[in-house]
Amino acid sequence: MAASRWETQISDILEWIKDEQDELAEWFTDINSIPNSEPSLPDERVQIPSSNSELPPELPILPLRGLVVYPQTAVPLTIGQPRSIKLIDDVAPTERLIGLLASKNSELENPGTEDLYTIGTVGIIHRLFRAPDGTIRLLIQGVTRFRVEEYTSTEPYLKAKVTYIPEKEESGLEIDALARNVSEQFSHIAEMIPSIPRELVASVTSLESPLQIVYTVANFQRMSLEDSQTILEEDLISEKSRKLISILTREVDVLELGQKIQNEARSEIDKVQREYFLREQIKALQRELGEMDETTAEVEEFRKKIEKQKLPEEAEKQAKRELDRLAKLPTAAAEYGVIRTYLDWLASLPWSKATEDNYDINHARQILDKDHYGLEDIKERILEYLAVRKLRLERQASLEDPNTDDSAHYSREGVILCFVGPPGVGKTSLGQSIARTIGRKFTRLSLGGVRDEAEIRGHRRTYIGAMPGRIIQAIRRVETINPVFMLDEIDKLSFDFHGDPASALLEVLDPEQNREFRDNYLEVPFDLSKVMFITTANTLETIPAPLLDRMEVIQLFGYTENEKIAIAQQYLIPRQLKENGLHLSEITFTENGLQAIIRGYTREAGVRNLEREIGSVCRKVATKIAEKEPMEATISPEMARELLGRPRFFENEEIARRTSTPGVAIGLAWTPVGGDILFIEASAMPGGKGFQVTGSIGKVMQESASAALSYVRSQSKQLGLDSEFFTKNDIHLHVPSGAQPKDGPSAGITMVTALVSLASGKPVKSEIGMTGEITLSGLVLPVGGIKEKILAAHRAKLKTILMPKQNEADLEDIPDEVQKSIHFIFVEKIDEVLQNVFENSTGPTKVQKARKTKP
């Protein structure tokens with residue numbers, strides 16, 4: 001840099017310090033009037049080294065607290081530490097060159113070598129003044145960067161061998177653009193900070209060197225010590241500029257936000273004061289003119305709102321009646337606030353405001369397919385709803401019969417669906433997808449644990465703090481009369497002395513009644529017939545029959561392994577990558593890896609736990625990447641084992657181990673969270689005809705166990721069993737997982753199999769499961785929950801399933817991939833069951849072979 005330019009910059013800085021900084025004014029004004037404050041340096045021109053080769057290989061080091069000095073900039077410093085004063089005293093009379101290093105911790109009084117950054121700036125002393133308080137004040141100019149190689153001395157001050165770091169020159173349009181951006185940002189900041197002199201801004205904008213612009217702006221811009229050091233350490237001008245632009249941009253945003261807040265606060269104060277004076281003037285004028293007061297004005301405002309809402313006739317009469325009451329009450333009356341709140345609710349409800357449905361069937365199909373995998377029944381039902389609505393609107397004129405009086409019949413527009421299925425299969429998210437499909441607003445109400453009828457129908461206005469029920473509150477929030485309204489967990493309603501919320505829902509979910517739903521608070525009918533109600537449940541058993549009768553039930557079953565893999569690839573993995581900040585190139589889940597996660601770490605009908613495990617894998621990979629460990633993870637079974645630890649489920653090994661003992665058989669059970677396999681164990685001990693059943697089982701299951709024992713004892717001779725086995729032994733039938741309640745008749749054939757296996761000493765085949773109710777005459781009766789049970793058997797890798805012949809039609813609901821992987825044997829009598837379950841069985845009968853599904 002030319003000497004004249006250095007002189008110009010130093011002159012500008014000194015002039016700014018002189019004119020603008022009171023703290024440093026004593027440097028330049030009345031110096032001779034202060035004792036011992038004469039400049040300690042002669043006023044000759046300082047010679048700046050023209051190249052790094054002229055600089056010494058060893059420099060005295062001056063630690064700086066909270067400050068980074070840049071090359072090509074001048075900075076005032078105040079020196080007060082004894083060792084720093086000693087350093088200045090030794091250096092000032094000679095070369096005047098010192099190494100300036102910033103301390104990592106600005107709170108340290110005397111930082112050591114390990115507390116300093118390794119890269120700093122060579123500084124040359126231009127001015128030096130000794131103040132009366134013993135401190136030394138310097139004006140130092142940065143020359144070039146250096147790196148500390150080793151410290152050669154720590155006393156009386158630090159000295160170090162250094163290597164000088166030349167600046168890497170860059171040029172081109174990008175560098176010019178970056179430099180101009182830095183200059184413009186700094187000018188913008190200066191406009192918002194009055195203390196920055198205009199001369200300094202003019203000096204910065206007149207600079208031509210991009211490097212000098214960056215260093216000069218960084219020198220005057222407030223920023224953290226870490227950011228300042230980063231700019232110094234960067235070798236490329238482009239990187240220094242980008243870092244500085246980021247800091248300046250954030251500073252501009254902060255300053256603009258501060259100005260906005262200040263202006264808003266000032267405006268708010270001015271507005272409040274103005275409104276106060278205006279109100280006082282209005283009151284005075286009203287008193288003089290005899291015009292309406294504040295209460296009358298509020299009544300008129302409510303009257304306008306109600307007229308604008310176009311309320312139904314009954315609601316409008318009620319609103320006008322309450323308005324007349326409000327007009328006659330003083331504002332201090334207790335009833336005034338109650339009536340005012342009531343009118344506010346009436347005026348804010350969307351009595352006639354509705355969103356327009358999107359009847360594009362192809363568009364709806366695309367959205368449903370994009371948001372959810374499978375679930376064809378629900379998708380078809382939504383498309384049917386849209387198609388019917390579309391045709392009704394298009395053919396409304398032609399469908400009307402002029403000879404028929406339809407005044408007594410309402411046109412039902414809403415639909416009430418009930419999604420029933422295990423957790424994690426997508427019931428709740430379906431509601432949002434449906435709302436997006438048809439272009440309606442979505443609202444949700446969780447009914448789990450609701451036990452007060454007033455939660456649904458509201459409180460009467462006679463109670464203090466009364467409010468409408470949560471149905472009306474939700475309608476007010478969405479501000480439309482035809483939203484998609486999801487009533488979540490309807491099977492978990494409870495009731496107590498406060499009332500029965502399930503009974504309160506009868507009116508809400510009845511298409512014939514909800515056209516005139518009367519909330520206890522509103523006391524006027526509100527039309528819910530246009531609302532699309534969707535309820536969700538895990539089981540239908542706890543839903544009252546009258547309520548269930550009002551809903552169209554759609555079953556959602558558990559997913560197969562292949563379906564879970566597809567859902568993970570299309571939905572779960574992309575969502576977890578986004579939530580954990582990963583790129584697609586950084587982690588890849590193989591199909592075998594997903595299969596290993598599903599089999600070893602989850603046991604569920606849905607995919608909720610699968611997503612948790614995928615998220616766990618992503619977090620562990622993200623942690624390694626954040627620790628600067630280069631990684632492109634491919635999640636194979638081995639990698640899944642490494643990241644997730646030992647598998648939690650070993651179904652195949654457990655099944656083989658437990659069924660190797662005679663007296664153990666595998667049943668299939670239905671649960672509210674999907675199907676599951678069930679081990680039934682029988683044991684004998686010396687005694688006399690005793691029989692007990694354990695395992696937290698219900699009354700129906702106990703009766704099935706008694707029927708199974710009676711059948712086996714009555715048929716012991718035909719079954720080839722020792723007739724005295726049951727007279728000389730006590731029998732104990734146990735269903736493990738005793739903490740989980742169990743009930744139902746479908747374990748009948750499993751109990752018979754376990755008892756026969758115990759008495760005969762023959763183990764049951766390890767890969768065979770069964771379900772079916774029995775009679776004392778040996779018949780096998782049909783049972784429910786077939787799809788969930790078969791999916792549970794498929795997850796457990798069972799190869800053969802015995803089930804009642806009358807349930808054969810239920811296989812139509814089973815996915816093809818499951819049917820191909822399992823042998824199905826349909827039985828009508830217990831004898832047919834026993835011919836196929838033992839290790840030494842001769843195989844199924846001719847009839848059974850014909851009914852067997854080959855993989």
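**Loops, cores and helix packing in the predicted chain**

E479 is located in the loop that joins α16 (470–478) to β9 (484–488), where helices (H or I, at least four residues) and strands (E, at least two) are DSSP runs numbered from the N terminus. The model is a predicted one, in which local features need pLDDT of at least 70 and side-chain atom pairs count only at pLDDT 80 or more, while totals for chains, interfaces and linings use all residues. Residues are numbered from 1 along each chain as its sequence is written, and side-chain values use heavy atoms, with hydrogens and water left out.

Although E479 is not a glycine, its phi is positive, at about 60°. E479 is partly exposed because its relative accessible area is 42%; buried means under 20% relative accessible area, exposed over 50%, and partly exposed in between (1.4 Å probe, protein chains only). Q72 also has a positive phi without being a glycine, here about 65°. Q72 is placed in the loop between β1 (58–64) and β2. With a relative accessible area of 15%, Q72 is buried. A further loop, between β5 (136–153) and β6 (158–165), holds P156. The peptide bond that leads from E155 to P156 is cis, with omega near 0°.

The chain as a whole contains 30 helices and 24 strands. Of its 855 residues, 47% are buried. Contact is taken as heavy atoms within 4.5 Å. Among contacts between residues at least 6 apart in sequence, 74% join residues at least 24 apart.

I79 belongs to strand β2 (residues 74–79). Its relative accessibility is 5%, and I79 therefore counts as buried. When residues up to four places away in sequence are not counted, I79 touches L62, S84, I85, I88, T135, I136 and L138. I79 and L138 are 59 residues apart along the chain, yet their C-alpha atoms are separated by 7.7 Å.

The largest nonpolar core has 52 residues, of which F419, M532, I587, F589, I614 and I635 touch the most other members. Helix α19 (residues 561–579) supplies the largest share of this core, seven residues. A separate, second core has 51 residues, including L323, L445, I490 and L528. A nonpolar core is a set of buried Ala, Val, Leu, Ile, Met, Phe, Trp, Tyr and Cys residues joined through side-chain atoms within 4.5 Å. Beyond four places away in sequence, M532 touches I382, Y385, V415, L417, I434, I438, R440, P483, V484 and F485.

Helix packing was examined next. Two packed helices are described by the angle between their axes and the distance between the axes. Axes are lines fitted to C-alpha atoms, for helices over the stretch in contact, and angles run from 0 to 180 degrees between N-to-C directions. Helix α11 (residues 361–371) and helix α12 (residues 376–394) have axes that come within 10 Å and cross at roughly 160°. The two helices are therefore roughly antiparallel; angles under 35 degrees count as roughly parallel, over 145 as roughly antiparallel, 65 to 115 as roughly perpendicular and the rest as oblique. In this contact, I361, A364, R365, L368 and D369 of α11 meet K379, E380, I382, L383, L386 and A387 of α12. By class, seven of these residues are nonpolar, none polar and four charged. Ala, Val, Leu, Ile, Met, Phe, Trp, Tyr, Cys and Pro count as nonpolar, Asp, Glu, Lys and Arg as charged, and the others, Gly among them, as polar.

The axes of α11 and helix α14 (residues 427–438) come within 9 Å and cross at roughly 155°. α11 and α14 are therefore roughly antiparallel to each other. Their contact is formed by H363, A364, I367, L368 and D371 of α11 with S433, R436 and T437 of α14. It comprises three nonpolar, three polar and two charged residues.

For α19 and α21, the axes lie 10 Å apart at an angle of about 45°. α19 is therefore oblique to α21. On the α19 side, K564, A568, L572, I573, R575, Q576 and L577 meet L610, E611, I614, G615 and C618 of α21. The contact has seven nonpolar, two polar and three charged residues.

In helix α20 (residues 591–601), the residues G593, L594, I597, I598, G600 and Y601 are buried. The elements that cover them include α19, β14 (587–589), α21 (608–626), β15 (633–635) and α22 (637–644).
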